[in-house]
Amino acid sequence: MPFELAEFVNLEAVTQYALYALSCMGAFLAALWLALVIWTFKDMRSRSRDIFAAILAALLVAILNIPALLIYLILRPRETLNEAYERALEEEALLQQIEVRNSCPGCSRPTKDDWHLCPHCMTILKKACVQCDYPLDLTWNVCPRCSTPAPGRGSEVEPETPSSPANIVPSQANNASIIDDTQETPATVQSPNGE
Ligand SMILES: [Zn+2]
Ligand SMILES: [Zn+2]
């Protein structure tokens, strides 16, 4: 009876089939192992600039496999570098919105763009342009609408211009050209005399 069964099933074919299935399984497991190691390395790289941390995580997964991967999934940094960058951008945008909303430096109550004076504490917020009455920020040097120097700023700049050395150099150059002319004129006078 056992001989008949062996002939019917063909033991050799079964063992070959089992070996084939085992090798397929082994190849799959090896590929899975490699994929897990690569995935861990890439995932850590996207979450941390520290390449040694990525190598260490990949090594742990390579050695201990699934248990190490589970521990890594629990301990890895919560957000990727891209997510952290986007969050920083959003925070900066929010901060800028807060800064743009004007407030009085004296009493920090909200103010409006065209207010020259805080109505609560009388702090001077803006000064009017002498030319077009545009409300100027106290730190501005010039009116952005008509480019007139802001009051109290233009007088500081003007006295420097007359004493600049640029005015002296052209006059010396003119003198030199006059001397050249006087030297040349006798020559031009002489030649008519010679003829
Ligand atoms: Zn105020
Ligand atoms: Zn102006």
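Select Asn65, which follows helix 3 and has a positive phi near 60°; helices here are DSSP runs of H or I with at least four residues, strands are runs of E with at least two, and both are numbered from the N terminus. The model is predicted, so that local features need pLDDT of at least 70 and side-chain atom pairs count only at pLDDT 80 or more, while totals for chains, interfaces and linings use all residues. Residues are numbered from 1 along each chain as its sequence is written, with chains lettered from A and ligands numbered from 1 in the order in which they are written.

Next, select residues 51–64, helix 3, and within that helix pick out the buried residues Ala57, Ala58 and Val61, where buried means 20 or more other C-beta atoms, placed from the backbone, within 10 Å of a residue's own, exposed means 12 or fewer, and partly exposed lies in between. These buried residues pack against helix 2 (11–47) and helix 4, contact meaning C-beta atoms, placed from the backbone, within 7 Å. On the other side of helix 3, Phe52 and Ile63 are exposed.

Now move to the loop between strand 1 (126–128) and strand 2 (135–137), where Asp133 lies. Its phi is positive, near 70°, and Asp133 counts as exposed because it has 12 C-beta neighbours inside 10 Å.

Finally, select Ser147, in the loop between strand 2 and helix 6 (154–157). Phi of Ser147 is also positive, near 55°, and Ser147 is exposed, with 10 other C-beta atoms within 10 Å.

Notes. Contact = placed C-beta atoms within 7 Å.
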